[in-house]
Amino acid sequence: MSGMSAVKLRGPEKTITRAMREARIAYWVIIPFFVYIAIWNLLPLLLGVLMGFTEYNALTMPTWVGLRNYIRFFTQGDYLTLLWRQVWIGLICLSLNTVLSFLIALALNIKSRAKGFFRTSMYIPAIAAVSVTSAVFVSLLDPLTGGANRFLAGMGIDPITWNHSQFWMVFWVVVYFIWRAIGPATIIWLGGLQGIDPSLYEAAEVDGASAIKKVRYITLPGLRFVASYIILTGIIAVMQMFDIIMFLTAGNPFGQTDTLMFRIYRYGAVTFNLGMAGAAGTILGIVTLLFAVVYFKIVLHREAREDA
Amino acid sequence: MHKVTAVGLRSLWYIVMLAIAFIMLYPFIFSLLAGLNTRTEFGHLGALFPVPSEPVWSNLLIIFTPRGIRPVLNTFMRTAWYTIIVCIMSVLMGYVLSRYNFKGKKFFITAILTTQVIPGVLTLIPAFVMMAHIPFVGGNNWMGMGGRGLINNSLAIYLPLGWTFLIWVFLFMQAMKGLPRGFEEAAEIDGCGFWRTIFQVIIPMQLPIIAVIAVNVALGVWNDWLIPFMYISDIQRSTLPAYLGQLVAALQRFGDRDYPRIFALSTVAIIPPFIIFFFLQRYIIQGIASAGIKG
């Protein structure tokens with residue numbers, strides 16, 4: 001403690017040089033990282049927006065076409081269908097995942113020696129890359145030799161040609177998404193549940209509240225921030241989901257499971273329709289942020305009303 | 001009566017949770033079993049549990065061939081590289097942002113948080129295009145035209161630094177709030193400068209949070225198949241998960257399907273994350289939970 005007061009006694013001119021020294025170090029540390037990250041992230045972000053106003057195939061110089069790509073997006077082709085499909089498939093994935101992970105977190109939020117094992121098993125799918133685990137689903141769904149149809153045959157059910165049905169392919173995309181995403185969401189919910197003050201439950205018990213009432217009036221309000229986090233990151237994730245689609249269905253049957261993000265990926269990395277990729281990417285990015293903002297506004301508005 | 005229902009509920013809980021745990025683990029069991037089949041046997045079996053009549057362990061050794069080992073080594077090198085870089089970045093930036101006062105500090109913190117909500121779709125394709133147009137490399141002229149830039153060049157999977165990594169800077173900043181300033185002040189009185197304070201005070205005191213960052217970054221980079229998949233087509237310069245991505249994407253086309261090879265490679269690709277997970281599970285869980293609660 002005597003050391004600390006000694007520092008303070010050194011007088012004002014020392015303090016100023018110290019502040020300057022700190023600022024100099026801080027800039028030396030932060031600015032190189034910021035510049036480097038800006039080169040690899042901010043620059044592409046701006047280039048992508050610009051690219052949307054050009055016609056560009058990566059071989060010849062881009063030509064400026066103004067709003068043509070944007071007009072085309074909203075008037076021609078199947079872009080709006082693809083955007084809508086991205087939204088509804090994403091909505092199914094996100095809402096089911098949010099609800100199921102919450103239920104499992106509730107089930108795991110008890111004292112049990114087996115709890116650790118179950119929590120671990122929930123999380124394991126998330127530690128393997130999509131490219132590493134999706135082959136299992138592809139193989140099982142093979143219409144002729146796949147395990148799923150053999151299993152159905154064993155039960156006396158007619159085999160299903162999975163990859164000829166939009167319903168079944170979306171079904172399996174959702175199953176795969178949840179299989180992978182449920183673990184992290186469960187852990188975040190569990191973290192939120194454990195953060196709730198136990199004395200609130202004790203007080204409710206004294207007042208004779210039922211289990212459902214405890215969930216409604218203590219658990220759910222206590223999880224507001226955790227819920228917002230899961231849903232906001234979830235919105236951003238599902239609106240850009242294309243890897244699962246690419247590996248499980250490749251957009252088939254007949255493009256009926258193709259989504260906007262998968263199309264953007266193909267335009268960008270396969271067919272080099274870069275102008276359209278830029279425009280569609282910008283639109284999808286803005287739509288994603290709009291969803292996030294709308295969600296945020298609804299939550300904030302409701303909370304403001306509840307607090308009032 | 002009350003006791004009977006309690007026991008019943010407990011058993012029901014166990015049955016349901018065991019069923020869920022089984023579903024979560026099933027694809028890994030399938031992958032392991034299928035990878036030990038011969039191609040002909042796998043084609044005939046088509047079972048939910050493709051137990052091989054005679055396990056072909058040599059399938060797993062595919063990676064120890066001269067061509068097979070490169071993608072594995074690349075994955076290790078890339079993982080190590082990004083883990084080190086991100087840890088250095090998080091410690092240095094997190095430290096100055098939490099302890100030093102300077103103009104623009106608020107701006108930097110806001111910028112870090114803002115980048116976390118920017119959808120990746122906005123940068124994915126343009127970054128790829130930019131990589132192809134870096135001047136003076138891969139046959140490009142000064143305008144970045146004419147060649148293929150860093151596409152298919154090993155550097156492409158080491159140079160980019162995604163801004164999603166900045167979340168770990170924020171996490172380190174939060175962790176600094178829990179460390180009393182007394183330690184640094186004592187070090188300063190002993191004459192420690194910036195670097196010595198970092199190495200002799202901050203890093204030793206903050207090892208747990210650095211472990212959280214390292215483990216989560218390592219897992220994420222090991223599993224990042226997309227960047228190598230997009231930027232590099234030559235598997236000798238690519239990573240194992242990206243190579244698997246190529247093989248799995250090809251399954252959607254017509255043609256010959258060597259499932260056992262894919263599953264054998266998958267098994268190998270899962271082993272390092274599994275090892276990290278089983279030994280360092282609490283760091284991963286803590287990373288997820290704190291990103292959710294503090295973020």
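Below is a chat about a predicted model with two chains, A and B.

Q: How confident is the predictor in the complex, going by ipTM and pTM?
A: This is a predicted model, and the predictor gives the complex an ipTM of 0.89 and a pTM of 0.89.

Q: And what's the mean pLDDT chain by chain?
A: Chain A has a mean pLDDT of 86, with 94% of its residues at 70 or more. For chain B the mean is 87, and 97% of its residues reach 70 or more.

Q: Which elements of chain A have the lowest and the highest mean pLDDT?
A: The lowest is helix 1 of chain A (residues 2-8), with a mean of 43. The highest is helix 4 of chain A (residues 79-108), with 94.

Q: What does pLDDT do over residues 1-9 of chain A, and how many contacts beyond four places in sequence does the model have there?
A: pLDDT stays under 50 over that stretch, and the model has five such contacts for it.

Q: OK, overall build. How many helices and strands in chain A?
A: Chain A has 14 helices and two strands.

Q: How many of the chain A contacts between residues at least 6 apart join residues at least 24 apart?
A: That share is 67%.

Q: How is chain A divided into domains?
A: Chain A has domain 1 (2-51) and domain 2 (78-307). Taken over C-alpha atoms, the centres of those two domains of chain A are separated by 39 Å.

Q: And what does the domain assignment give for chain B?
A: There, domain 1 covers 1-63 and domain 2 covers 65-294. Their C-alpha centres lie 32 Å apart. The contact between them takes 13 residues from domain 1 of chain B and 15 residues from domain 2 of chain B.

Q: Which helices supply at least two residues on the domain 1 side of that contact in chain B?
A: Helix 1 and helix 2 (39-45) of chain B each do. Helix 1 of chain B has the largest share, four residues. By class, that side of domain 1 of chain B has seven nonpolar, five polar and one charged residue.

Q: Which helix of chain B gives the most?
A: Helix 12 of chain B, with 14 residues. The side of chain B that touches chain A has 55 nonpolar, 14 polar and two charged residues.

Q: Helix 5 of chain B next. Why is it largely enclosed by the rest of the structure?
A: Because twelve of its twelve residues (121-132) are buried. Among them are Leu122(B), Pro126(B), Phe128(B) and Met131(B).

Q: How many residues are in the largest nonpolar core?
A: That core has 160 residues. Those with the most contacts inside it include Val173(A), Leu248(A), Phe172(B) and Ile213(B).

Q: What does Val173(A) touch, not counting residues up to four places away in sequence?
A: Val173(A) touches Ile89(A), Ile244(A), Ile245(A), Leu248(A), Thr249(A) and Thr257(A).

Q: What phi do Phe272(A) and Phe136(B) have?
A: Phe272(A) has a positive phi of about 55°, and Phe136(B) has one of about 70°. Phe272(A) is in the loop between helix 13 and helix 14 (274-307) of chain A, while Phe136(B) lies in the loop between helix 5 and helix 6 (166-177) of chain B.

Q: Why does Phe136(B) count as exposed?
A: Because Phe136(B) has 11 C-beta neighbours inside 10 Å, and a residue is exposed at 12 or fewer. Phe272(A) has 16, so it counts as partly exposed.

Conventions. Residues numbered from 1 in each chain as written. Chains lettered and ligands numbered in written order. Predicted model: local features only at pLDDT ≥ 70, side-chain atom pairs only at ≥ 80, totals over all residues. Contact = placed C-beta atoms within 7 Å. Buried ≥ 20, exposed ≤ 12 C-beta atoms within 10 Å, placed from the backbone. Nonpolar A, V, L, I, M, F, W, Y, C, P; charged D, E, K, R; others polar. Domains from an automatic or database assignment. pLDDT = per-residue confidence, 0-100. Core = buried A, V, L, I, M, F, W, Y, C linked by C-beta atoms within 7 Å.
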